[in-house]
Amino acid sequence: MTDDIYKDLKQLGGATVMPTSPEDAELERVPNPQADVAYNIRFTAPEFTSLCPMTGQPDFAHLVIDYVPGKWLVESKSLKLFLGSFRNHGAFHEDCTVSIARRLADFLAPQWLRIGGYWYPRGGIPIDVFWQTGPLPEGVWIPDQGVPPYRGRG
C-alpha cells in the first residue's frame, strides 16, 4: 500500500480548529484500498452534543454510525471535527441525526449506511432516531449497536 492515497488530507497530522457549524465542517475521504470486499465500519460517538434550537440548552446523544464503504472511506479526524461542530448548532434530535447520515451518504456514496441516534432524556422523554440508506448488502456482518433502550423506572 502506498501513502499516495493520503496526500490530499488537510486536517490529519496537525493542529486544527473546531468548525463553528456543520456547514463549515470539511469532511475528508480517502480511496478504499479494500474496495473489492464488503465489510462494515462502525463509528461510535457516545458524547455527541448539540443545542436545542428553542431553549439553547445542550442535548446529548450516543451516536452509532455503521457503513459498508464503496470507493471511499471517511477520514476519522474530519468526522470527529464534523460531529464536534454540532456543539453550538441548534437543531432538533431528528434533524441532527438524519443530517449527519445524509451528509455522510452523499459524500461517501457507500454501499450502505445506517445511523442510530440515542438521545438522552430531557423532560423525561428519550428520543431515538434511526435512518439507513436501504437494504443491507448480502453477506455483511453488522453487529447489534449495543445501546440498550432507555428503561427509566422500568
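Modeller: Let's start with a side chain: that of Glu 75 comes within 3.0 Å of the backbone nitrogen of Lys 77. Bear in mind that this is a predicted model, so that distance is a computed one. As for where Glu 75 sits, look at the loop that joins β4 (72–74) to α1 (76–84). Glu 75 is buried, because its relative accessible area is 7% and anything under 20% counts as buried. If you set aside the neighbours within four places in sequence, Glu 75 is in contact with Leu 9, Leu 12, Glu 28 and Arg 29.

Now for the annotation you asked about. In the unreviewed UniProt entry, "binding site" covers Val 74, Glu 75, Ser 76, His 93 and Glu 94. These residues span 21 positions in sequence, and the farthest two C-alpha atoms are 24.5 Å apart, so they do not all gather at one spot. Of these residues, Ser 76 is included in the lining of the largest pocket.

You'll find Glu 94 in helix α2, which runs over residues 93–108. With 39% relative accessibility, Glu 94 is partly exposed, because that value falls between the 20% and 50% cut-offs. Not counting residues up to four places away in sequence, Glu 94 touches Ile 127 and Val 129.

Methods
Residues numbered from 1 in each chain as written. Predicted model: local features only at pLDDT ≥ 70, side-chain atom pairs only at ≥ 80, totals over all residues. Heavy atoms only, no water. UniProt positions renumbered as here; feature names shortened; annotations may be inferred. 1 Å grid on protein atoms, 1.4 Å probe; cavity = no way out; pocket = protein on both sides within 12 Å on 5 of 7 lines; lining within 4 Å. Helix = DSSP H or I, 4+ residues; strand = E, 2+ residues; numbered from the N terminus. Buried < 20%, exposed > 50% of the residue type's maximum accessible area, 1.4 Å probe, protein only. Contact = heavy atoms within 4.5 Å. Polar contact = N/O pair within 3.5 Å; in protein donor to acceptor, adjacent residues only side chain to side chain.
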